[in-house]
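Dear colleague,

Here is the structure I said I would hand over. Please have it open while you read the notes below it.

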Amino acid sequence: MLATFVLFGGLIAIIVAMMVGGWQVALPLGAAVLLAVIVLAFRDRHGMSPAQRLAVRLGWWRTRRLGSHLYRSGPLGRVPWGTAQLPGLAAASRLSEHTDSYGRPFGLLYVPATGHYTIVISTEPDGAALVDTGDVDQWVAQWGVWLAALGDEPGLVGASVTVESAPDSGYRLRHEVSSNLDPNAPAIAQAMLREVAETWPLGSATIRAWVALTFTASPRPGGRRRSADDMGRELAARVPGLTQLLSATGAGICRPVSAKSLCEVVRVAYDPPAERLLDQARDAGEEHDLRWSDVGPSAAQAGWDYYRHDGSVSVSWSMTSAPRGVVQSSVLARLIGPHAGIARKRVTMLYRPVDPGTAARLVEADKRNADVRASGARPSARAAVDKRIADIVAVEEAAGAGLVNFGMILTATVEDGPELETRIQDAKAAIDNLTATARLTLRPVYGSQDSAFAAALPLGLILPAHLSMPTFVREAAR
């Protein structure tokens with residue numbers, strides 16, 4: 001839209017220039033208008049125009065000039081309060097704990113900059129191994145129902161699903177075996193269980209998943225922001241229903257994450273070696289006393305295409321193109337599963353429900369665009385498929401179905417040290433192979449690796465709400 005306005009406005013300006021100053025004035029103005037249209041309209045395979053790439057470069061130059069890419073915390077750091085506070089988008093966040101109607105504690109994360117509250121739900125997905133196709137189809141259908149129900153949740157502005165694969169330290173398995181071992185069992189059975197607890201974790205991986213739901217603090221535009229206590233009382237009655245619906249999607253046992261558990265998750269994300277210490281303390285029957293002000297990194301540095309934090313280096317990618325054509329339920333199986341070339345991998349799906357009025361306009365615009373692409377003399381097969389899909393979506397939206405914006409952020413983390421560059425290149429090559437199997441198009445988040453890292457965590461950060469450019473300007477520049 002922005003390129004179209006520039007083109008028509010430029011043509012009017014050229015006509016006026018010809019009437020006033022002749023060709024000597026109109027020709028340079030026409031060249032400037034043509035250059036502006038090229039900069040705004042032409043895009044690469046990721047949908048980025050030259051103007052957008054230039055804006056990213058200028059923003060990165062400003063970040064380095066101000067030193068905003070560096071972070072030092074703790075007693076010897078730059079922050080005046082001497083704690084390991086989270087950097088970047090989550091720096092001002094505050095965490096409180098409440099209890100739902102089932103008596104389960106849940107953490108409530110508040111981001112003052114956007115006025116959003118987030119609750120995190122821990123899941124234990126069973127996976128599709130040895131599961132009948134009918135059960136998988138039922139899970140997929142229930143997942144669609146759950147996503148559609150997000151649009152009816154009062155005050156909900158976004159949701160995210162985070163799946164993390166990481167090396168297994170083995171302490172949890174040994175604790176489980178030792179706490180359930182029967183002293184009266186046969187000696188050979190006890191020896192076998194102890195051997196399994198000692199040898200099984202070697203080289204194995206653990207997969208964990210979380211669902212973050214983000215609500216607005218204002219019940220209506222311009223209304224008074226509700227406090228954490230008010231939101232805690234309101235969400236306490238809604239959390240059981242949300243977890244019950246989520247369990248029917250194949251997510252397994254779903255429970256809200258307490259404030260202490262959320263502190264542990266974020267601490268391990270910024271300092272992966274801390275996971276072994278936490279598991280070791282849990283195995284010894286000790287409880288950690290992490291506070292929200294202590295879960296951030298002691299040192300972090302954002303690069304153009306990497307993020308260094310507490311002895312680890314992470315690289316984040318964002319999805320620029322979703323899988324085309326028919327999408328099977330197993331399309332992301334290899335992408336979210338463990339990989340030998342990546343020590344720690346985090347895949348986060350981001351969802352933002354679209355209000356019914358905007359959804360109707362988007363669906364009709366997509367339908368018109370698909371009709372135009374398929375109306376040529378020899379339309380391509382993909383144009384014909386897009387037209388059929390656009391027609392189906394338009395019919396379903398007219399019948400009352402909802403619309404959801406979605407995206408993906410993928411983060412790969414490797415340990416710092418000798419041969420770091422080799423490990424990073426191996427991780428990038430592995431991600432390229434995995435995205436090919438998932439039929440995705442991913443692009444490194446150049447110049448914003450620290451923000452992408454935070455957005456991939458189960459914190460419920462709504463990225464468009466943190467941007468300074470208005471939404472309608474961003475949409476017009478697409």
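This is a predicted model: local features need pLDDT of at least 70, side-chain atom pairs count only at pLDDT 80 or more; totals for chains, interfaces and linings use all residues.

Helix pair. Helix α4 spans residues 133-150 and helix α8 spans residues 239-251; their axes lie 6 Å apart and meet at an angle of about 150°. Angles over 145 degrees count as roughly antiparallel, so α4 is roughly antiparallel to α8. On the α4 side, the contact is made by Trp139, Gln142, Trp143 and Trp146. Helix α8 contributes Leu242, Leu245, Leu246, Ala248, Thr249 and Gly250. Sorted by class, the residues in this contact are seven nonpolar and three polar, with no charged ones.

Thr435. This residue belongs to helix α14, which covers residues 420-437. The Thr435 side chain comes to 2.9 Å from the backbone oxygen of Asp432. Leaving aside residues up to four places away in sequence, Thr435 touches Leu335, Leu440 and Leu442.

Thr206. Strand β6, residues 205-216, holds this threonine. Thr206 has a relative accessibility of 12% and therefore also counts as buried. With residues up to four places away in sequence again left out, Thr206 touches Glu164, Ser165, Ala166, Pro167, Asp168 and Arg172.

Regards

Conventions
Residues are numbered from 1 along each chain as its sequence is written. Side-chain values use heavy atoms; hydrogens and water are left out. Helices (H or I, at least four residues) and strands (E, at least two) are DSSP runs, numbered from the N terminus. A polar contact is a pair of N or O atoms within 3.5 Å; within protein, one must be able to donate a hydrogen and the other to accept it, and residues adjacent in sequence count only if both atoms are side-chain atoms. Contact means heavy atoms within 4.5 Å. Axes are lines fitted to C-alpha atoms, for helices over the stretch in contact, and angles run from 0 to 180 degrees between N-to-C directions. Angles under 35 degrees count as roughly parallel, over 145 as roughly antiparallel, 65 to 115 as roughly perpendicular and the rest as oblique. Ala, Val, Leu, Ile, Met, Phe, Trp, Tyr, Cys and Pro count as nonpolar, Asp, Glu, Lys and Arg as charged, and the others, Gly among them, as polar. Buried means under 20% relative accessible area, exposed over 50%, partly exposed in between (1.4 Å probe, protein chains only).
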